[in-house]
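Welcome! Here is a short briefing on the structure shown below, grouped by topic for a first look.

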Amino acid sequence: MPATVIDGTDVANQILRDAADRAAVFAQTEHRKPCLATVLVGDDPASHTYVRMKTNRCRASGLEPVSHQLPATASTDEVLQLVRSISEDAAVDGILVQHPMPTQVDERQVFEAIGPDKDVDGVTMASFAAMALGEPGFVSCTPGGIMRLLDAYDVELPGRHAVVIGRSPILGKPVGMLLLSRDATVTYCHSKTRDLPTIVAEADVLIAAVGQPELIKGDWIKPGAIVIDAGYNPGNVGDVEYIAAAARASLITPVPGGVGPTTIAVLLAQTVDAAERRALTPAAFSAQSRRQA
Ligand code: NAP
């Protein structure tokens with residue numbers, strides 16, 4: 001029987017509806033909208049598109065986007081100065097620094113300048129540590145979206161073998177930690193992994209997070225497996241050979257329309273979370289008072 005196709009747009013819309021409802025309540029009680037500040041460095045067209053999509057989605061969901069842009073020649077110090085000033089701005093609830101940044105910018109240093117209470121993209125070491133330890137905090141958005149997809153389709157994780165292909169700090173590594181925290185038995189694969197087909201064939205849950213078109217062949221997939229393809233390659237192609245994999249899997253994400261839409265939805269949901277938490281703090285209170293004065 002062919003796989004059930006996971007509808008990422010539908011799951012994302014549910015997350016967005018909930019975020020919009022909470023944003024409306026927040027605006028009513030706090031007299032301001034939850035605010036997401038975006039930082040874009042350079043001229044990369046894809047990054048511009050991603051930031052535009054995020055700001056449009058903010059507006060549509062009742063959040064306030066504030067955009068900051070620096071030239072492609074910006075130094076690490078210039079980006080740090082901007083991110084630190086936004087982190088200190090009490091009117092901002094969440095910060096998204098779009099990456100990749102130009103190569104002269106030390107991305108890790110810049111991420112670490114984001115205040116932990118505003119790290120709604122889950123990129124700081126503090127957020128990663130909290131996630132790994134199972135403490136409250138912000139998760140990296142794409143892994144968070146993947147977990148929402150698995151939950152929306154009632155995927156049982158305890159004791160199941162999850163194979164994650166990819167170990168990047170924003171995707172592969174954190175999604176493996178989240179699966180582990182839900183009692184899956186997790187195997188990571190990467191560019192030095194030997195005999196990928198044999199490991200993939202053992203996966204009850206396969207997460208593809210590589211960025212190589214159709215690297216994972218359909219006939220590697222264990223019959224009945226759940227296949228989540230986070231890869232997004234030119235021509236709307238994922239990391240998994242979709243048609244052949246769908247013939248063996250029980251559940252599969254399409255590309256596009258699978259993992260992608262949930263990433264922005266989780267970003268907005270976490271911005272509302274940040275706003276709600278900060279509303280309880282003196283900093284947010286004084287920002288509100290200043291605006292009303
Ligand atoms: P990345 O930083 O380039 O990491 C790619 C990972 O794949 C690395 O860990 C690399 O291993 C591993 N890899 C490379 N070749 C491999 C091979 N032949 N066999 C096994 N593993 C291999 O990429 P990323 O940022 O994690 O993104 C991965 C994909 O997800 C991309 O297509 C990207 O566009 C997509 N993505 C989608 C979303 C979304 O919202 N849907 C968000 C983020 C990313 P090494 O560590 O050994 O180099």
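**Salt bridges and the main pocket**

Asp 18, Arg 22, Asp 273 and Glu 276 are joined in a network of salt bridges, a salt bridge being a side-chain nitrogen of Lys or Arg within 4 Å of a carboxyl oxygen of Asp or Glu. By this rule there are nine salt bridges. The model is predicted, so local features need pLDDT of at least 70 and side-chain atom pairs count only at pLDDT 80 or more, while totals for chains, interfaces and linings use all residues. Residues are numbered from 1 along each chain as its sequence is written, and side-chain values use heavy atoms, with hydrogens and water left out.

**Arg 278 and its partners**

- Arg 278 forms a salt bridge with Asp 93, with the closest N and O atoms 2.6 Å apart.
- This pair links distant parts of the chain, 185 residues apart: Arg 278 is in helix α10, and Asp 93 is in the loop between α3 (76–88) and β4 (94–97). Helices (H or I, at least four residues) and strands (E, at least two) are DSSP runs, numbered from the N terminus.
- Arg 278 counts as buried because its relative accessibility is 4%, and Asp 93 is buried too, at 0%. Buried means under 20% relative accessible area, exposed over 50%, and partly exposed in between (1.4 Å probe, protein chains only).
- Arg 278 also meets Asp 117 in a salt bridge (3.7 Å, N to O); Asp 117 is in the loop between α4 (107–112) and α5 (125–133), 161 residues apart from Arg 278.
- With 40% relative accessibility, Asp 117 counts as partly exposed.

**The largest pocket**

- The largest pocket has a volume of about 1100 Å³, which is the space filled by probe spheres set on grid points joined across faces, edges and corners.
- Of the 38 residues lining this pocket, Tyr 50, Thr 142, Ala 230, Tyr 232 and Thr 263 are the closest to its centre.
- On a 1 Å grid over the protein atoms alone, a pocket is an open set of points where a 1.4 Å probe fits, with protein on both sides within 12 Å along at least five of seven lines; lining residues have an atom within 4 Å of a point.
- Helices α2 (45–60), α6 (141–152) and α10 (259–278) are the elements that each give two or more residues to the lining.

**Another link**

- Lys 222 forms a salt bridge with Asp 204, with the closest N and O atoms 2.7 Å apart.
- Lys 222 is partly exposed, at 31%, whereas Asp 204 is buried, at 17%.
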